[in-house]
Amino acid sequence: MTNADLSITQIENTYLIRCGHANWVLVEEGSELTLIDGGYPHNGADVERSIEQIGRRLEDVRAVLVTHAHVDHIGGIANILTRHQVPVLMDPLEVAHAKREYLHQLSPVKVPLLLWRRGAPRWLFDVIRAGALDGAELPQAQGFTDGAALDVPGRIVPVPTHGHTDGHSAYLIPNAGVIASGDALVTGHATSSLAGPQFLVCPFNHDRAATDTALDNISAAPADVLLPGHGPVYRGPMTTAVEQARAGRTSMRP
Ligand SMILES: [Zn+2]
């Protein structure tokens, strides 16, 4: 456990949990839950704590969805699967990444590209403490079997957003009008001086051009709330969020 504070925002049956530099999402249907992403390796206990704070138990989680297999999104999942086995689903193109047959992640040699950014040295210190260098993999990873609503609590619909990684997927929670965007579209990051909808800074994106094109799918999603992989909740039309990110028309963070 990182002992970082949990910030929980509820929209209908969906919760955005922010903890240190990581976000994850819980979706409720009756007494059952789907977990989307799970933070860094040391966030496993924080994920469990967030489940308890919304009045549920780890055993209520019936499925885990992964936006993409970066260590700050799957580390905590790998940890909790050692205590509670459930299906772990993702875009078929992300499965080999999650099994670490290859790794599309900012390599240590590129970290100096970030260090000139305000906030980056502190971020690096924090994420190493959260287990960023421990690595993570999900040998249980399975690809979706269809492109429609998944048979998981919340009847969640995958939204292909390839680019940040080759198999990145966002997720639409239809009942809540919410899209969990992972790192395809974020609203803040410790290494960014911008606030509001934005791309992650360049070294984090595997394919920057595809990351841009993928936003067409977020723009078209029937949602008016964005729960990003980093940063706070955004409320408003997805078309506006995507336009802001593309134009870089975001206000400077105070
Ligand atoms: Zn990422």
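Modeller: The largest cavity has a volume of about 50 Å³. Bear in mind that this is a predicted model.

Colleague: How many cavities of 30 Å³ or more are there?
Modeller: The count comes to 1.

Colleague: Which residues line the largest cavity?
Modeller: The lining is made of Asn 23, Trp 24, Val 25, Ile 36, Asp 37, Thr 67, Ala 180, Ser 181, Gly 182, Leu 227, Pro 228 and Gly 229. Strand S3 (22-29), strand S10 (178-182) and strand S11 (225-228) are the elements that give two or more residues to that lining.

Colleague: Take Ser 181 from that list. Where does Ser 181 lie, and is Ser 181 buried or exposed?
Modeller: Ser 181 lies in strand S10. Ser 181 counts as buried because its relative accessibility is 0%.

Colleague: Changing topic to the metal. What are the protein donors of the zinc ion?
Modeller: They are His 68 through NE2, His 70 through ND1, His 164 through NE2 and Asp 183 through OD, and they lie 2.1 to 2.2 Å from the zinc ion. Along the chain, these donors follow the spacing H-x1-H-x93-H-x18-D.

Colleague: Why is the arrangement around the zinc ion irregular?
Modeller: The 4 donor atoms subtend angles of 91 to 171 degrees, so the arrangement is irregular. Four donors count as tetrahedral if all angles lie between 85 and 135 degrees. For reference, the ideal angle for four tetrahedral donors is 109.5 degrees.

Colleague: Are His 68 and His 70 buried or exposed?
Modeller: His 68 counts as buried, at 0% relative accessibility. His 70 counts as buried too, at 5%.

Colleague: Where is His 68 found?
Modeller: His 68 is in the loop between strand S5 (61-65) and helix H2 (71-81). The C-alpha atoms of His 68 and Gly 177 are separated by 22 Å, with the two residues 109 apart along the chain.

Colleague: On to the rings. How many aromatic pairs does a search of the whole structure find?
Modeller: The search finds 1. The pair is Phe 144 and Tyr 171, with ring centres 6.1 Å apart and planes at 90 degrees, so the pair is edge-to-face.

Colleague: Which parts does that pair tie together?
Modeller: Phe 144 lies in the loop between strand S7 (141-143) and strand S8 (157-160), and Tyr 171 lies in strand S9 (residues 169-173), so the pair ties together parts that are 27 residues apart in sequence. Both Phe 144 and Tyr 171 are buried.

Colleague: Last one. What sits over the ring of Phe 199?
Modeller: The charged end of Arg 208, at 4.2 Å from the ring centre.

How values were computed. Residues are numbered from 1 along each chain as its sequence is written. This is a predicted model: local features need pLDDT of at least 70, side-chain atom pairs count only at pLDDT 80 or more; totals for chains, interfaces and linings use all residues. Side-chain values use heavy atoms; hydrogens and water are left out. Donors are N, O and S atoms within 2.8 Å of the metal (3.2 Å for Na, K and Ca); water is not among the atoms, so sites may look incomplete. Four donors count as tetrahedral if all angles lie between 85 and 135 degrees; four count as square planar and six as octahedral if opposite donors are over 155 degrees apart and all others between 65 and 115; anything else is irregular. Buried means under 20% relative accessible area, exposed over 50%, partly exposed in between (1.4 Å probe, protein chains only). Rings of Phe, Tyr and Trp (its six-membered ring) pair if their centres lie within 6.5 Å; planes under 30 degrees apart count as stacked, over 60 as edge-to-face and the rest as tilted. Helices (H or I, at least four residues) and strands (E, at least two) are DSSP runs, numbered from the N terminus. A charge sits over a ring if NZ of Lys or CZ of Arg is within 6 Å of the ring centre and within 35 degrees of the ring normal. On a 1 Å grid over the protein atoms alone, a cavity is a set of points where a 1.4 Å probe fits but cannot get out, and a pocket is an open set with protein on both sides within 12 Å along at least five of seven lines; lining residues have an atom within 4 Å of a point. Grid points are joined across faces, edges and corners, and a volume is the space filled by probe spheres set on the points.
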